[in-house]
Amino acid sequence: MAERNVVGGELEVCSTEPLTGFYRDGCCSTGDDDRGSHTICAVVTAEFLEHQKSIGNNLSSPMPMYGFPGLNPGDRWCVTARNWLQAHRDGVAAPVVLAATNEKVLSIVDLSFLKENAVDVPSDLSGLE
């Protein structure tokens, strides 16, 4: 069965350039072996990357031995729910692509927090008839 996103549809691709996901399938798919819950498709910002580095999660530096290119502002990446939530609490949450964010994140992060930072939903929904 296909995994679902937080808005009720099929989970969409987050990024293939760079290739993301716990399973490096481009999606924020998850399973029992994904202890970090890499379920939020974030569009990383310089501020978010700096914050992650400050909490011990260096997403900027390449790690060729793991096939990790290092991220730049504007890249999409499946980030861990707890680290994104920490960034949200600290006021530096990265924007979120709801259609590519796995519904399993809702056991850790409130949907309202994700919607506050959504980049794939227009702020005015009245034109969507």
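Cys78 is buried, at a relative accessible area of 2%; buried means under 20% relative accessible area, with a 1.4 Å probe and protein chains only. This is a predicted model, where local features need pLDDT of at least 70 and side-chain atom pairs count only at pLDDT 80 or more, while totals for chains, interfaces and linings use all residues. Residues are numbered from 1 along each chain as its sequence is written, and side-chain values use heavy atoms, leaving out hydrogens and water.

Cys78 is joined to Cys28 by a disulfide, S to S 2.1 Å; the term covers a pair of cysteine sulfur atoms within 2.5 Å. Cys28 lies in the segment before strand 1 and Cys78 in strand 2, so the pair ties together parts 50 residues apart in sequence. Strands here are DSSP runs of E, at least two residues, and helices are runs of H or I, at least four, numbered from the N terminus. The torsion about this S-S bond is about -95°, so the disulfide is left-handed. Cys28 is buried too, at 0%.

What about Cys27? Its sulfur is 7.3 Å from the closest cysteine sulfur, in Cys78, too far for a bond.

A search of the whole structure finds two disulfides. The other joins Cys14 to Cys41, and with 85° about the S-S bond that link is right-handed.

Now the cores, meaning sets of buried Ala, Val, Leu, Ile, Met, Phe, Trp, Tyr and Cys residues joined through side-chain atoms within 4.5 Å. The largest has 23 residues, and Trp84 is among those touching the most other members.

Key:
Buried means under 20% relative accessible area, exposed over 50%, partly exposed in between (1.4 Å probe, protein chains only).
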